[in-house]
Amino acid sequence: MGLLFLAVSAVAGFLLSWLALRLVGVRPAWRVVAVAVLLFWLADNLYYRAGSRIPPDVLLPFASTALFALAAVLTAPRPPRWRPRIALLLVLALCWPLSALLGEHQADEHLRDEITGAGVPLYAPDLTDYRLHSPLANQPAHWFGFTLLPAHPATDNPDDADDADDRAVRVTVQPVRDTFRPPLCDALDLGSTVRAENCEQVTPDTWRQVGPYTLHYFVRRGDYLIVMSADSKNTTTADLQTLTSTLTRRTPDYFLH
């Protein structure tokens, strides 16, 4: 129903625009409207690729007027000459990759503000055998986390290429809770509460809990705690021990594209 409504609205808008241009003497009106529709589609995609928010309603009439004027220039049967038209088309073509770069930059800036606003140090391990995925932060709860995915599949068999999620390692940085009192390790795992009642101390500031399905490591750094968790069937204690040994504070750029 929603798609049908959009299709009917698009056709109705096309016909009304064509009729309005015909009434004011624009010929051929259908060509101007067709190009204007393409320009509207292009402008809408460029705007959102650039990561911009919904534009104010007050800008829509001015944008519509400008796009219809540009469509009239591009479809004019006589001067302006072809050279200005080609220049306009080249500018529009360049806007596509530039909008993607701008969108990526704005996304990085938004993520930078989000993770630095969590109020916790940005601890992370080296990424020798992993790639960092989906960093996120909860500013009210003061935690920051991300997922580590294996940099390469476990085998060369293409059928095993989807095992990345099974071998993922979740990392959460948070303030030490009052309830964190090993061997009772009470903490957050990407927002979910972990209550490990029989933590085993590995080093003076590191504890682990091996369950039938999940493996947890708890690493304390001053007033902060780093929790690493993974599927115990696909990740070994040696894997997490190696990751914990390379934990260090990182800059926000470490987590960006």
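The questions and answers below concern salt bridges and one arginine in a predicted model.

In this predicted model, local features need pLDDT of at least 70 and side-chain atom pairs count only at pLDDT 80 or more, while totals for chains, interfaces and linings use all residues. Residues are numbered from 1 along each chain as its sequence is written, and side-chain values use heavy atoms, with hydrogens and water left out.

Me: How many salt bridges does a search of the whole structure find?
Reply: A salt bridge is a side-chain nitrogen of Lys or Arg within 4 Å of a carboxyl oxygen of Asp or Glu. Searching the whole structure on that basis, the number of salt bridges found is six.

Me: Which strands does the salt bridge between R170 and D189 tie together?
Reply: In this salt bridge the closest N and O atoms of R170 and D189 are 3.3 Å apart. The two residues are 19 residues apart in sequence, so the pair ties together strand β4 (residues 169-175), which holds R170, and strand β5 (residues 185-189), which holds D189. Strands are DSSP runs (E, at least two residues), numbered from the N terminus. The strands asked for are β4 and β5.

Me: Is D189 buried or exposed?
Reply: Buried means under 20% relative accessible area, exposed over 50%, and partly exposed in between (1.4 Å probe, protein chains only). D189 has a relative accessible area of 8%, so by the under 20% cut-off the term is buried.

Me: Which residues are linked with D186 in a network of salt bridges?
Reply: R177 forms a salt bridge with D186, with the closest N and O atoms 3.1 Å apart. The side chains of D186 and R195 also meet in a salt bridge, at 3.2 Å from N to O. D186 counts as buried at 7% relative accessibility, whereas R177 is partly exposed at 29% and R195 is exposed at 52%. The residues linked with D186 in the network are R177 and R195.

Me: Which side chain does a polar contact of 2.7 Å join to that of R250?
Reply: R250 is found in the segment after β11 (248-249) and is buried, with a relative accessible area of 19%. Contact means heavy atoms within 4.5 Å, and, not counting residues up to four places away in sequence, R250 touches L122, A124, P125, D126 and F255. A polar contact is a pair of N or O atoms within 3.5 Å; within protein, one must be able to donate a hydrogen and the other to accept it, and residues adjacent in sequence count only if both atoms are side-chain atoms. The side chain joined to R250 at 2.7 Å is that of D126.

Notes:
Helices (H or I, at least four residues) and strands (E, at least two) are DSSP runs, numbered from the N terminus.
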